[in-house]
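Keep the sequence and the 3D view open as you read.

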Amino acid sequence: MSLSVLALLAGHALAQPIALPELPRIDLAQHTPPPVYHGQCVVRVRTATRSQLDALLTFVESVWSESTGVGLIDVQLQRADLPKLTKLGIGYDMLIEDLQAHRDARWQENRRRSALDAVAPRGGVAHDDGWFSNYKQFADIITYFNTIAATHPDIASMNIVGNSLQGNDIYALTITGPETPGNLIADRPVVLWNGAQHAREWVSPMTVSYLASKLAADYGSDPRVDDIINNTRLVIVPVVNPDGYLYTWSSERYWRKNRRNNGNGTFGVDLNRNWGYEWGGQGASSNSSDDTYHGSAPFSEPETQVLRDLSLSFGDDLVAHIDYHTYSQLILWPFGYAEGVQTPEPDRTFFDNLATAMSDEILAYSGVFYDPIQSVDLYPAAGASSDWFYGQLGVKSLTIELRPDGSGFGGFDPDPSIILPTARENYEAAKLFVERTTLPVSFAHTPADFIEADLPTPIELAVSDIIDTHDPSTVTLHARVGSSGAAIPIPMTPLGDDVYGAALPETPCGMRVHYAFSVQTTAGDTISYPSSGEFDALAQELSIAADDDMETDTGWVVGQPSDSATTGIWNRMNPQGTDAQPEDDHTPGTGVNCWVTDGNAGASVGANDIDGGATTLTSPVLDASTLGEDAQLVYWRWYSNNQGSAPNEDSMRIEISDNAGASWTTLEIVTENAGAWVEKRFRIADFVSPTNSVRVRIIASDVFSGSIVEAGVDDLRLIALGCSGNPADLNGDGSLDFFDVSLFLNAFNANDPIADFTGDGVYDFFDVSAFLAAFNAG
């Protein structure tokens, strides 16, 4: 099949997984890789001169750092050669003292986890967090991608885009929304992500697998993801180097290159030195035994040819690219081919801002820092993919070095527990990357499932300029009550910092208000949000049985006998902000207090956080019985565990009781690090009976050494949502019948306010439509 046809498939042929051949697989229970690392270790060295570096490279087995240059680098070598470092005057820190033992222990752990997967198979749905509990073989990764296409045929398609040197297929998944008038798939910009150019970097294909399945899973429920997928073609190649990747499972875990037989007793070409832009320059080797061997010519390798040709097939539609690697936690932008080379303006500023924003996004999500720098500021590396994408095609391209940061030391073989947090934080950055490289402007809005009936509802919209600039005077809310009729345009008022406000119209109980937003750019283009469809909220009457804003003492109890925390004990106060705890409570207006773990800032972020175990906060007895089966518990919580040397290891348990605390049922176990107050809402009857003896208990813990844990709770309420009567029951007799229709028609003809069902002061078709919708809804 030609590449032009494959490009067509990538752009148009949705709704198709493919029939996979029998993919190569290792039987982990029976296979033990050969002991090729006996007598070897991994050390971190600091060279001060080029001559030291050159001498070092004559006896190392492999360089583990992404680039090679004077300064700090991680190298794999024979322990017998350690005296040579001393002789050269090169100091070192031992990272892995016995590489074979390290590799054997990792293999046994991988075998154990894979056996558990075999007992309870994972990955049979489009997105499965459990699938990321262990590293996956090539066959598992490709099958997982094919499952995405099978379970989301409206937006995902799977294709073979070429073959490796040894004849293994190279696969790509395309994700894009259905065509709509004026938004043809073929006209959408293309964003390309790839993993596993380097065979040993197993975190890379796991991360791009997460990006693919999470985007597909979030489509239809996350307006931000909808905008991305409906306006972009995302093409994801999980394993560029299948031969090398398979070899790391069967034979040499720390193999970097492809499996080219160089004909002189050496094997492999470094694919990320084989790209055609400034090929053969600094940071690439002409020695075929070196890890950075650039090959016999630019694009000498089938694997780089496949990715090159796939990219060229998109023409000018290809606008952005990321090459995922490990390790070191870096976001690198081009150029990197020679010392002193500078990215030209205005692109240098664009890349700097983009990489910094992505780094900030990751830091805000997980507390982990990725250093945003130009590639050459690390070390020169000629013939790298990002330089070709940017220098040859003009594509906005980045190289991301994933976790770990190299201080642990996990290197290329970190514990599998690192996979999921790495993937999650990069999912946030990847969404931002697509927006910053494809969308004119981006939007942020938190839709509500419910609004209070018969009252105007304030809402906000944030607008961020990306490629174009928005005109503040054109930001508009479009709203209508009921499922039919034209939406009413409502100008939005600037609130500062590119945030705009307006109010949804009064909506009768039991009806839905439908709404969307629009803005014009200074170029005259109109951008709608969401790009297709609309938001909606159900109007409900609100009944409140308890409302505690935490401003006064209402009988909450701190502590229980099993608590062991020595600091960070629950305290009701006006919190002092740190990187881990809030500066303000949640209550709007004049409220200042909330329950928080200590709440005092101290000299450092960890000075007054939870240490030594658990601290418990228990509510007073609450009466939910008056609200019946529809009673809901609503509260706002804060949780942070993304700081310190052991981030994301702890959790907070929130429980509910219907017998004043004699027994408890778990509502949620909190692990997310939102960096903000988060509203949670639970129907009590889904967990316990809504009695007059309801209590809530919050247990925040610090179990792992080095964790920074802070928590808070505010604005707890017991409420019920519903409608006391249908608005179409105009005579109030509890029945919807001819008499209500007659009353409505008489009121409508008389311009009586009870017939103004849309609340706009105008008596027209839309009032009739709203009345009929309420009448038909019963």
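Axes are lines fitted to C-alpha atoms, for helices over the stretch in contact, and angles run from 0 to 180 degrees between N-to-C directions. Helices (H or I, at least four residues) and strands (E, at least two) are DSSP runs, numbered from the N terminus. This is a predicted model, in which local features need pLDDT of at least 70, side-chain atom pairs count only at pLDDT 80 or more, and totals for chains, interfaces and linings use all residues. Residues are numbered from 1 along each chain as its sequence is written, and side-chain values use heavy atoms, with hydrogens and water left out.

**Helix packing**

- Two packed helices are described by the angle between their axes and the distance between the axes.
- Helix α10 (residues 347–366) packs on α12 at an angle of about 150°. Their axes are 8 Å apart.
- That angle makes α10 roughly antiparallel to α12. Angles under 35 degrees count as roughly parallel, over 145 as roughly antiparallel, 65 to 115 as roughly perpendicular and the rest as oblique.
- The crossing of α10 and α12 is right-handed. A crossing is left-handed if the near helix is turned anticlockwise from the far one by less than a right angle, and right-handed if clockwise.
- From α10, the residues in this contact include F350, L354, A357 and Y365. From α12, they include R424, E428, L432 and F433. Contact means heavy atoms within 4.5 Å.
- By class, the contact of α10 with α12 has nine nonpolar, four polar and five charged residues. Ala, Val, Leu, Ile, Met, Phe, Trp, Tyr, Cys and Pro count as nonpolar, Asp, Glu, Lys and Arg as charged, and the others, Gly among them, as polar.
- Helix α12 (residues 419–438) also meets helix α7 (residues 223–231). Their axes come within 10 Å and cross at roughly 50°.
- α7 and α12 are therefore oblique to each other. Their crossing is left-handed.
- R224, V225 and I228 of α7 touch Y427, E428, K431, L432, V434 and E435 of α12. The class count for this contact is five nonpolar, no polar and four charged residues.
- Helix α5 (residues 138–151) and helix α6 (residues 203–218) have axes that come within 10 Å and cross at roughly 10°. These two helices are therefore roughly parallel to each other.
- The crossing of α5 and α6 is left-handed.
- On the α5 side, the contact uses I141, Y144, F145 and I148. On the α6 side, it uses P205, V208, S209, A212, S213 and A216. Eight of these residues are nonpolar, two are polar and none is charged.

**Cavities and a pocket**

- Rolling a probe the size of a water molecule over the atoms shows where empty space is left.
- On a 1 Å grid over the protein atoms alone, a cavity is a set of points where a 1.4 Å probe fits but cannot get out, and a pocket is an open set with protein on both sides within 12 Å along at least five of seven lines; lining residues have an atom within 4 Å of a point.
- Grid points are joined across faces, edges and corners, and a volume is the space filled by probe spheres set on the points.
- The whole structure holds five cavities of 30 Å³ or more.
- The largest cavity has a volume of about 150 Å³. Its lining has 15 residues, and L332, S375, A381, A384 and T399 lie nearest its centre.
- α11 (385–393) and β12 (396–402) each give at least two residues to the lining of the largest cavity.
- The second largest cavity holds about 70 Å³. Its lining includes R103, W107, Y135 and D413. That lining divides into four nonpolar, two polar and five charged residues.
- The second largest pocket holds about 540 Å³. It is lined by 27 residues, and R50, L57, T68, D290 and T292 are the closest to its centre.
- α2 gives the largest share of that pocket's lining, four residues.

**Backbone details**

- Most residues other than glycine have a negative phi, and most peptide bonds are trans.
- The peptide bond from P334 to F335 is cis, with omega near 5°. F335 sits in the loop between β10 (330–333) and α10.
- Y529 and P530 are also joined by a cis peptide bond, with omega about -5°. P530 lies in the loop between β21 (526–529) and β22 (535–548).
- S328 has a positive phi, near 135°. S328 is in the loop between β9 (318–326) and β10.
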